[in-house]
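Please work through the exercises below with the sequence and the 3D view at hand, and try each task before reading its solution.

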Amino acid sequence: MDGLIAHVRAQGVDITDKKLGADGTWQAWTKDPNGVKLEIFQYTGDSMQFAPKGGVCQVNW
């Protein structure tokens with residue numbers, strides 16, 4: 001994720017810093033040339049998408 005963020009920024013494109021999401025994945029956000037928002041994510045060993053951890057990810061935003 002760090003390498004991707006550095007590469008995107010080197011191209012002159014805005015991208016957020018990475019953030020550890022409530023589901024245990026690293027996340028960052030950018031936009032394509034048409035302004036469409038893009039979420040980039042990287043799974044971790046604690047990501048809820050993988051068994052056996054699994055579970056329900058609830059946030060109160």
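**Exercise 1: Charged pairs**

Arg9 forms a salt bridge with Asp17, with 2.7 Å between the closest N and O atoms, where a salt bridge is a side-chain nitrogen of Lys or Arg within 4 Å of a carboxyl oxygen of Asp or Glu. The model is a predicted one, in which local features need pLDDT of at least 70 and side-chain atom pairs count only at pLDDT 80 or more, while totals for chains, interfaces and linings use all residues. Residues are numbered from 1 along each chain as its sequence is written, and side-chain values use heavy atoms, with hydrogens and water left out.

Task: state how Arg9 is classed by accessibility, how Asp17 is classed, and how many salt bridges a search of the whole structure finds.

Solution. Begin with the classes: buried means under 20% relative accessible area, exposed over 50%, and partly exposed in between (1.4 Å probe, protein chains only). Arg9, at 39%, is therefore partly exposed, whereas Asp17, at 55%, counts as exposed. Next, the search of the whole structure gives two salt bridges, and one of them joins the side chains of Lys18 and Asp2 at 3.1 Å, N to O. Lys18 sits in the loop between α1 (2–10) and β1 (19–20) and Asp2 in helix α1, so this pair ties together parts that are 16 residues apart in sequence.

**Exercise 2: The hairpin**

Task: find which way strands β2 and β3 run relative to each other, and how many bridges join them.

Solution. Helices (H or I, at least four residues) and strands (E, at least two) are DSSP runs, numbered from the N terminus, and two strands pair if DSSP finds at least two bridges between them. Strand β2 (residues 26–31) is joined to β3 by six bridges, and the two run antiparallel. Lys31 stands opposite Lys37 in β3. Five residues lie between the strands of this hairpin, in which Gly35 takes a positive phi near 90 degrees.
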